[in-house]
Amino acid sequence: MGSHSIPPWYKQFWPWFLIGILLWSFAMGTTFLVMSIRSFDGMVQEDYYKHGRAINMVLAKQQRAADLGLQAQLAVDDLSGDISVTLEGDARPEMLLLELIFPTEDDRDHTALLHHQRDGHYVGQLERQLQHRWYLHLQPAGQETAEWRLTGEARFPAQGDIVLTPGLSQR
């Protein structure tokens, strides 16, 4: 009968395999932690409760737009950035505020002031060309809180006029 000697633990495969799994999981966890801290996405608002309470105010603005029979046709010249809006209904403010909201990155949002020209026709200018999908909000400018709001959605460059409505059935 021969003696069979067992090698020490550090010369065996399984302890190193288990240590390797632990080290790999620690390295990956640290990597993901650093990535999550450095790349804040801004999707969750800090004042989400106040923002949620404001939804009722937005719905009231959209209801007021429906009561006034408002609807707008928006056209954007992709080359020059000229904006033309024709507003139909029982409201003719001197200026309109057009908010262009990018769905995922709030630092890409734009606003444009539109000046009344004649008979519900408004014009304004964009600072730069737009691409991709945007949410649009149109409301009177120059007021602390707007009385009404029209909403819509568009993909730029646009292939024609964009219709903005009170949007009560969209949400």
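Helices (H or I, at least four residues) and strands (E, at least two) are taken here as DSSP runs, numbered from the N terminus. The model is a predicted one, in which local features need pLDDT of at least 70, side-chain atom pairs count only at pLDDT 80 or more, and totals for chains, interfaces and linings use all residues. Residues are numbered from 1 along each chain as its sequence is written, and side-chain values use heavy atoms, with hydrogens and water left out.

The protein has 3 helices and 8 strands. Read from the N terminus, the order of elements is α-α-α-β-β-β-β-β-β-β-β. The radius of gyration is 28 Å, well over the 16 Å that the globule rule gives for 171 residues, so the protein is more spread out than a compact globule. That radius is taken over C-alpha atoms, and the rule is 2.2 Å times the number of residues to the power 0.38. The C-alpha trace spans about 110 × 40 × 25 Å along its principal axes.

Of the 171 residues, 27% are buried; buried means under 20% relative accessible area, exposed over 50%, and partly exposed in between (1.4 Å probe, protein chains only). The protein exposes about 12,300 Å², with 56% supplied by carbon and sulfur atoms. Accessible areas come from the Shrake-Rupley method with a 1.4 Å probe, and for residues only the protein chains shown count as cover. Among contacts (heavy atoms within 4.5 Å) with a separation of 6 or more, 55% are between residues 24 or more positions apart.

Some backbone details lie in the strand region. Most residues other than glycine have a negative phi, and most peptide bonds are trans. Asp119 has a phi near 40°, a positive value in a residue other than glycine. Asp119 sits in the loop between strand 4 (110-118) and strand 5 (121-125), and is exposed, with a relative accessible area of 70%.

His132 also has a positive phi, near 80°. His132 belongs to strand 6 (residues 132-140) and is partly exposed, with a relative accessible area of 41%.

Pro157 lies in the loop that joins strand 7 (150-156) and strand 8 (162-164).
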